[in-house]
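Subject: Structure handover

Hello,

Here is the structure you asked for. My notes on what turned up in it follow below.

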Amino acid sequence: TGGQAVTFYMNEGSVQEVSIRTDGGDAEAQASGVWMNAIPKEGGNTFNWNVTALWANKDLAGSNLSQAYINQGLTAVNGLKCTWDFNPNGGGPLIRDKLWFYVAYRNNEIDKYVADAFYNPNPTAWLYAPDKTRQAADTQIHRNYAGRLTWQATPRNKFGLFWDEQIPC
């Protein structure tokens, strides 16, 4: 049936370990390709918290608009307009040596300029007249809420309940 793709925006604050496979596949997989397995954090007997944040704008990015592209009629290239990411996360014990929790929140936005696309200053006009001073942007917003409860039922048996909600826009 061909390849398949799943878009999952990983919340790095809720992930303990990541393994990536790039082989031809095995009996577990319907198709070959890149496979990723993310192991969620599960908390522990001490409280741990972390906040990760980043921000960048067009002044921190380069441009590959060369004279060769301009000669072919291109006037604006894809590029970064603005991006930011805010990711607080943490966890700890609910019952020492028995029940732990871990929660993570991620709010991320990426605004990218679109090559040779410009806003129309008058969207009700019959003819499109691009405003060359306002390059169009593609905005992607991702919000993620993740939580995990881990219960050590016996010395040999541990149970986990994981919830991960993604709200892409």
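Val34 is exposed, with 65% relative accessible area. The loop between strand E1 (15-21) and strand E2 (35-40) holds Val34. Together with Phe8, Val18, Ile20 and Met36, Val34 makes up a nonpolar surface patch of about 480 Å² accessible area. Please keep in mind that this is a predicted model.

Next, the charged pairs. Side chains of opposite charge can pair when their charged atoms come close. Searching the whole structure gives four salt bridges.

One of them joins Glu12 to Arg106, with 3.2 Å between the closest N and O atoms. This pair links distant parts of the chain, since Glu12 sits in the segment before E1 and Arg106 in strand E5, 94 residues apart. Arg106 is buried at 14% relative accessible area, whereas Glu12 is partly exposed at 44%.

Glu42 takes part in a salt bridge with Lys158, where the closest N and O atoms are 2.8 Å apart. Because Glu42 lies in the loop between E2 and E3 and Lys158 in strand E7 (residues 157-168), this pair ties together parts that are 116 residues apart in sequence. Lys158 is partly exposed, at 42% relative accessibility. Shared partners also join salt bridges into one network made of Glu12, Asp85 and Arg106.

Glu42 forms a salt bridge with Arg148 as well, at 3.6 Å between the closest N and O atoms. Here too distant parts of the chain are linked: Arg148 belongs to strand E6 (residues 135-154), 106 residues from Glu42. Glu42 counts as partly exposed at 25% relative accessibility, and Arg148 as buried at 18%.

Asn107 is in strand E5 (residues 99-118). Its relative accessible area is 10%, so Asn107 is buried. The side chains of Asn107 and Tyr105 are joined by a polar contact of 3.0 Å. Leaving aside residues up to four places away in sequence, Asn107 touches Trp84, Asp85, Phe86, His142 and Arg143.

Two backbone angles are also on my list. Asp97, in the loop between strand E4 (79-95) and E5, has a positive phi near 65° although Asp97 is not a glycine. Asp97 is partly exposed at 47% relative accessibility. Asp116 lies in strand E5 and has a positive phi of about 50°, again in a residue that is not a glycine. At 33% relative accessibility, Asp116 is partly exposed.

Regards

Technical notes:
Residues are numbered from 1 along each chain as its sequence is written. This is a predicted model: local features need pLDDT of at least 70, side-chain atom pairs count only at pLDDT 80 or more; totals for chains, interfaces and linings use all residues. Side-chain values use heavy atoms; hydrogens and water are left out. Helices (H or I, at least four residues) and strands (E, at least two) are DSSP runs, numbered from the N terminus. Buried means under 20% relative accessible area, exposed over 50%, partly exposed in between (1.4 Å probe, protein chains only). A polar contact is a pair of N or O atoms within 3.5 Å; within protein, one must be able to donate a hydrogen and the other to accept it, and residues adjacent in sequence count only if both atoms are side-chain atoms. Contact means heavy atoms within 4.5 Å. Patches are made of residues with over 30% relative accessible area and no salt bridge: like charges are joined within 9 Å, nonpolar side chains (Val, Leu, Ile, Met, Phe, Trp, Tyr) within 5 Å. Accessible areas come from the Shrake-Rupley method with a 1.4 Å probe; for residues, only the protein chains shown count as cover. A salt bridge is a side-chain nitrogen of Lys or Arg within 4 Å of a carboxyl oxygen of Asp or Glu.
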